[in-house]
Amino acid sequence: NCSRPSSNQEDVKGQEDVKALSPIHLYSLIWNHLHQKQYSIKTSLPLLIPGNTTVSVSIHSLPVTSNEHSPCQLALQLLEWVEGSTMASRPSIPIETLLEAGTYLAKVCIALDDLTITNPTAKLTADRYHAWDGKHTLDLQEYVQYIDNDERRALVQSVLHDFKRDLVDDTEKPDFRMGILQGDFNDANIILNDAGNVAGVIDFGDT
């Protein structure tokens, strides 16, 4: 995860005409931004609802895992297919492909840095509370008690302790770079073509 320093949050809040989007509309904004020619990044694009010329999101009542909350009103969005197969599905990956994936991530990073800096609406929306955000790592402390395995629970507690000591309480720690990022760049979300080259990246749900 990487990004250049974003513009000052107070500057964004001070602009009264800036309004936050819903997360699903933020994703659409990100995808369209990444598809600009100067970035050469392939990812899913939202598709319009059949029969509609302007809307790509629809609301449906669907069953969910929790019986108590099922059915639930959900926002759905149809996305363009990214041709290829996931890196995770390949039996072996050459080192050159891993290098290319890292280079591709850097391109995504730079493009999202530009979005963070130039689009106050996107930045304001992305500043919402997100449980996967690294700065909220210590929020996991209240759930550690539910880990049944003593060894695993001790391991998690050790990581949280070191995180707090080295990254929260250390007055000499460096300032972390902050901004919009693709928070789930792994082999299940990296798409390769038949030649084994990186063809795109998917799944911006943790952005």
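This is a predicted model: local features need pLDDT of at least 70, side-chain atom pairs count only at pLDDT 80 or more; totals for chains, interfaces and linings use all residues.
Biologist: Let's start with helix 3. What span would be expected for helix 3 at 1.5 Å a residue, and what does it reach?

Modeller: Helix 3 covers residues 95–118, 24 residues in total. From first C-alpha to last it reaches 35 Å, close to the 34 Å expected.

Biologist: A101 sits in helix 3. Why is A101 called buried?

Modeller: Its relative accessibility is 6%, and the cut-off for buried is under 20%, so A101 counts as buried. Setting aside residues up to four places away in sequence, A101 touches M87, F185, I190 and V198.

Biologist: Which other residues of helix 3 are buried, and what covers them?

Modeller: Among them are Y104, V108, L112 and L115. The cover includes helix 2 (23–34), helix 4 (120–126), strand 4 (190–192) and strand 5 (198–201).

Biologist: How do you know that helix 2 and helix 3 are oblique to each other?

Modeller: Look at the angle. Their axes cross at roughly 120° and come within 10 Å. Roughly perpendicular stops at 115 degrees and roughly antiparallel needs over 145, so the pair is oblique. The crossing is right-handed, too.

Biologist: Which residues meet there?

Modeller: From helix 2 come L29, I30, H33 and L34; from helix 3, V108, A111, L112, D114 and L115.

Biologist: What makes up the largest nonpolar core?

Modeller: That core has 22 residues, and I30, L34, I41 and L112 have the most contacts inside it. Helix 2, helix 3, strand 4 and strand 5 each give two or more residues to this core, and helix 3 gives the most, with 6. As for I41, beyond its neighbours within four places in sequence, its contacts include L34, Y104, V108 and V201.

Biologist: Now the loops. Why is S40 called exposed, while D203 is called partly exposed?

Modeller: S40 has 51% relative accessibility, and exposed means over 50%, so S40 counts as exposed. D203 is at 38%, which lies between the 20% and 50% cut-offs, so D203 counts as partly exposed.

Biologist: What are the phi values of S40 and D203?

Modeller: S40, in the loop between helix 2 and strand 1, has a positive phi of about 55° although it is not a glycine. D203, in the segment after strand 5, has a positive phi of about 65°, and it is not a glycine either.

Biologist: One last thing: is the peptide bond from S70 to P71 cis or trans?

Modeller: Cis, with omega near 0°. P71 is in the loop between strand 1 (57–62) and strand 2 (72–77).

Technical notes: Residues are numbered from 1 along each chain as its sequence is written. Side-chain values use heavy atoms; hydrogens and water are left out. Helices (H or I, at least four residues) and strands (E, at least two) are DSSP runs, numbered from the N terminus. The expected span of a helix is 1.5 Å times one less than its number of residues. Buried means under 20% relative accessible area, exposed over 50%, partly exposed in between (1.4 Å probe, protein chains only). Contact means heavy atoms within 4.5 Å. A nonpolar core is a set of buried Ala, Val, Leu, Ile, Met, Phe, Trp, Tyr and Cys residues joined through side-chain atoms within 4.5 Å. Axes are lines fitted to C-alpha atoms, for helices over the stretch in contact, and angles run from 0 to 180 degrees between N-to-C directions. Angles under 35 degrees count as roughly parallel, over 145 as roughly antiparallel, 65 to 115 as roughly perpendicular and the rest as oblique. A crossing is left-handed if the near helix is turned anticlockwise from the far one by less than a right angle, and right-handed if clockwise.
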